[in-house]
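Me: I would like to learn how to read a protein structure, one feature at a time. Where should we begin?

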Amino acid sequence: MEKKYSTIDWENLTFSFRETDRMYISNCKQGEEWEIGNMQDFQNLSISPAAGVLNYGQGLFEGMKAYRAIDGSVVLFRPKENAKRMQMGARRLGMPEVPEDIFIDAVIRSVQENSRWIPPAGKGTLYIRPLLMGSGPILGVSPAPEYTFLVYVSPVGPYFKGGLKPTSLKISENHHRAAPGGSGGVKAIGNYAPGMVPSKNAKSEGFAEIIYLDAVNHKYIEEVGAANFFCIKNGVISTPELTGTILGGITRLSIIELARSKGYEVREEKIDVEYALTADECFCAGTAAVVSSIGSIKHGDIVVEFCNGGVGEITRDIYDSLVSIQNRKSEDVFGWMMEIDV
Ligand SMILES: *Cc1c(COP(=O)(O)O)cnc(C)c1O
């Protein structure tokens with residue numbers, strides 16, 4: 001174990017999986033209540049080949065981070081919001097909802113028992129991955145008879161190489177992420193595999209990610225890969241409204257609240273791609289990406305550059321304000337941070 005630790009290079013963390021020491025696991029039969037689970041050594045699962053999650057994708061994930069603050073303490077960012085979102089997803093996918101207190105206890109214990117993997121302040125964070133899935137066997141397409149809720153963690157660095165450095169994105173012309181009435185508004189595992197090939201193709205052409213337009217009109221911006229989109233024009237911040245096809249990010253919600261408290265006008269609205277291309281600044285936001293400045297967008301044959309390829313003033317202001325709350329450089333006026341004893 002010490003050997004694993006001594007080989008951590010905190011300077012060069014990337015956003016990739018790294019096995020840690022311990023994980024949380026709990027099981028629940030359909031129709032019964034969740035009980036407090038157990039911590040165990042990180043290990044592979046033993047699961048029926050007929051498990052609902054393997055055959056029909058009955059599964060949800062969450063993504064959150066434990067931050068090492070500048071005072072050395074360890075904090076979570078709005079964990080109740082993740083618990084609530086997973087409950088919403090469980091209702092959509094016919095799974096038993098994990099109670100908020102069990103969810104938060106699981107996250108806290110997973111951080112505590114892997115505390116040596118929390119990177120020093122400024123070097124990275126401990127990414128936390130709660131998973132809820134139909135683990136019992138089922139042959140017909142219907143909810144599984146048994147469910148597993150687990151949490152594992154992994155130390156990570158920045159999601160986009162270069163951090164705030166502006167990224168080049170491309171509008172996806174042939175693919176959409178989610179359709180009205182589908183599951184785009186929850187973190188259903190099945191929402192992500194269809195985006196892998198489009199994203200990989202864009203990366204091979206030199207783009208950092210793709211931007212999805214809505215599936216009905218192919219006109220309004222929805223999301224950037226697995227992050228929410230924002231644009232700023234004449235000082236007004238706009239982000240796509242939540243219509244059920246967009247994942248309601250906790251970073252998105254926090255940026256809306258934070259920006260309004262700083263006096264910015266923030267609109268949740270349909271964003272026509274043509275409007276976004278005339279914006280002064282664009283960025284995307286999520287737990288993994290934090291706030292990532294968008295340097296250019298390619299749409300068909302047109303490439304539009306923002307801020308001459310630099311980071312916009314308001315984007316930087318939002319980024320600084322959010323990060324300084326998360327690392328406790330500034331006061332937690334919204335009551336967003338939860339300290340963990342480690
Ligand atoms: C997780 C996710 C986000 C960001 O949500 P946060 O709660 O801010 O991390 C945005 N879009 C998609 C599709 C996601 O899966």
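Reply: We begin with burial: a residue is buried under 20% relative accessible area, exposed over 50%, and partly exposed in between (1.4 Å probe, protein chains only). Helices (H or I, at least four residues) and strands (E, at least two) are DSSP runs, numbered from the N terminus. This is a predicted model, in which local features need pLDDT of at least 70, side-chain atom pairs count only at pLDDT 80 or more, and totals for chains, interfaces and linings use all residues. Residues are numbered from 1 along each chain as its sequence is written, and side-chain values use heavy atoms, with hydrogens and water left out.

Me: Which residues of helix 3 are buried?

Reply: In helix 3, the buried residues are P79, E81, N82, A83, R85, M86, Q87, G89 and A90. An α-helix has 3.6 residues a turn, so residues three or four places apart point the same way.

Me: How far does helix 3 reach from its first C-alpha to its last?

Reply: The expected span of a helix is 1.5 Å times one less than its number of residues. Helix 3 (residues 79-92) has 14 residues and reaches 20 Å, close to the 20 Å expected. Helix 4 (residues 100-112) has 13 residues and should span 18 Å; its end C-alpha atoms are 18 Å apart, which agrees. The buried residues of helix 4 are I102, F103, I104, A106, V107, S110 and V111.

Me: Which residues have a positive phi around helix 3?

Reply: Just after helix 3, G94 has a positive phi of about 70°. R78, in the loop between strand 5 (74-77) and helix 3, has a phi near 45°, which is positive in a residue other than glycine. R78 counts as buried, at 11% relative accessibility.

Me: Where does R328 lie, and is R328 buried or partly exposed?

Reply: R328 lies in the loop between helix 8 (313-326) and strand 17 (337-340). With a relative accessible area of 29%, R328 is partly exposed. R328 is not a glycine, yet its phi is positive, about 65°.

Me: Next, strands. Which strands are joined to strand 9 by bridges?

Reply: Two strands pair if DSSP finds at least two bridges between them. Strand 8 (residues 167-171) runs parallel to strand 9, and three bridges join them. In this pairing K170 stands opposite I210. Strand 10 (residues 221-224) runs antiparallel to strand 9, again with three bridges. Here I211 stands opposite V224.

Me: Why is strand 9 described as largely enclosed?

Reply: Five of the five residues of strand 9 (residues 209-213) are buried, so the strand is largely enclosed by the rest of the structure. Both of its faces are covered: E209, I211 and L213 are buried on one side, I210 and Y212 on the other.

Me: What does the side chain of S26 reach?

Reply: A polar contact is a pair of N or O atoms within 3.5 Å; within protein, one must be able to donate a hydrogen and the other to accept it, and residues adjacent in sequence count only if both atoms are side-chain atoms. The side chain of S26 reaches the backbone oxygen of E35 at 2.9 Å. S26 lies in strand 1 (residues 22-29) and is buried, with a relative accessible area of 5%.

Me: How many residues surround the ligand?

Reply: A residue is near a molecule or strand if one of its heavy atoms lies within 4 Å of it. 14 residues surround the ligand, and the closest are K187, Y192, E223, T251 and T287. For T251, an N or O atom of the side chain is 2.6 Å from an oxygen atom of the ligand. A polar side-chain atom of T287 lies 2.6 Å from a ligand oxygen atom. For R85, a side-chain N or O atom is 2.8 Å from an oxygen atom of the ligand; R85 is also one of the buried residues of helix 3.
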